Amino acid sequence: MADPHTVRREIRLSASCGRHIAEHLVSGLPYEACGVLRGKAAAGGMRIDAFAPIRNVAPDPLHRFVLDPVEWTRECLRGDGLIGLFHSHPCSPPVPSEEDLRQLPLFAGMLSVYLIGSPKNADGEMELNGFMIEKEKDGLYHLIPAVIKHG
Ligand SMILES: [Zn+2]
């Protein structure tokens with residue numbers, strides 16, 4: 001069997017959805033912003049069609065995020081292609097933090113895509129990293145880097 005880390009994973013992101021995520025990231029500054037992603041499985045990975053912002057209710061939103069439980073529940077009840085989670089790192093690179101990995105089991109069973117964005121410049125552009133949430137042989141969920149394809 002192929003090593004799961006060598007399998008190429010792709011996350012396809014529509015331009016409008018990418019813009020929506022970037023705008024939400026900027027509107028949340030200096031705090032972390034978060035939201036959910038809707039889409040479906042596609043050849044070689046997942047396709048993201050829509051983004052829905054969710055309020056970050058963390059007591060210390062500069063360095064972490066907690067999804068507003070009412071908005072999160074509403075998004076879950078809508079069903080219909082809920083596949084992933086986005087949050088931003090306003091002041092650090094878009095790579096999973098220790099806190100992110102600690103929180104992962106809260107969402108991992110029901111989601112498969114994990115996006116982290118950081119501001120790239122003052123023009124509202126962002127640097128975006130994508131991961132697939134996968135359960136590995138150790139029985140734990142891991143974030144496996146994926147390639148983001150725009151368009
Ligand atoms: Zn984070």
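**Exercise 1. The zinc site**

Task: What is the geometry of the zinc ion's site, given the angles among its 4 donor atoms?

Solution. 
Step 1. The 4 donor atoms of the zinc ion make angles of 57 to 156 degrees. This is a predicted model.
Step 2. Four donors count as tetrahedral if all angles lie between 85 and 135 degrees. For comparison, the ideal tetrahedral angle is 109.5 degrees.
Step 3. The site is irregular.
Step 4. Now name the donors. They are His 87 (NE2), His 89 (NE2), Asp 100 (OD) and Asp 100 (OD), at 2.0 to 2.4 Å.
Step 5. Along the sequence, the donor residues follow the spacing H-x1-H-x10-D. His 87 and His 89 are both buried.

**Exercise 2. The barrel**

Task: In what order do the 7 strands of the closed barrel run?

Solution. 
Step 1. The order is E1-E3-E2-E4-E5-E6-E7, and the pairing is mixed.
Step 2. Neighbouring strands are turned by 35 degrees against each other on average, direction ignored.
Step 3. Look at one pair. Strand E1 (residues 10-13) and strand E3 (residues 45-54) are parallel, with 4 bridges. Arg 12 has Arg 47 in E3 as its bridge partner.

**Exercise 3. Helix H3 and Gln 103**

Task: Which strands does helix H3 lie across, and is Gln 103 buried or exposed?

Solution. 
Step 1. Helix H3 (residues 98-107) lies across E4, E5, E6 and strand E7 (141-150). The helix runs at about 90 degrees to E7.
Step 2. Gln 103 sits in helix H3.
Step 3. Its relative accessibility is 9%, so Gln 103 counts as buried.
Step 4. Leave out residues up to four places away in sequence: Gln 103 then touches Arg 64 and Phe 65.

**Exercise 4. The cysteines**

Task: How many disulfides does the model have?

Solution. 
Step 1. A disulfide is a covalent bond between the sulfur atoms of two cysteines. The cut-off is 2.5 Å between sulfur atoms.
Step 2. The count is 0 disulfides.
Step 3. Cys 17 is in none, and the nearest cysteine sulfur, that of Cys 34, is 15 Å away. Cys 17 is buried, at 2% relative accessible area.
Step 4. For Cys 76, the closest cysteine sulfur is in Cys 34, 13 Å away, so it is too far for a bond. Cys 76 is partly exposed, at 25% relative accessibility.

Conventions:
Residues are numbered from 1 along each chain as its sequence is written. This is a predicted model: local features need pLDDT of at least 70, side-chain atom pairs count only at pLDDT 80 or more; totals for chains, interfaces and linings use all residues. Side-chain values use heavy atoms; hydrogens and water are left out. Two strands pair if DSSP finds at least two bridges between them. Helices (H or I, at least four residues) and strands (E, at least two) are DSSP runs, numbered from the N terminus. Axes are lines fitted to C-alpha atoms, for helices over the stretch in contact, and angles run from 0 to 180 degrees between N-to-C directions. Contact means heavy atoms within 4.5 Å. Buried means under 20% relative accessible area, exposed over 50%, partly exposed in between (1.4 Å probe, protein chains only). Donors are N, O and S atoms within 2.8 Å of the metal (3.2 Å for Na, K and Ca); water is not among the atoms, so sites may look incomplete. Four donors count as tetrahedral if all angles lie between 85 and 135 degrees; four count as square planar and six as octahedral if opposite donors are over 155 degrees apart and all others between 65 and 115; anything else is irregular.
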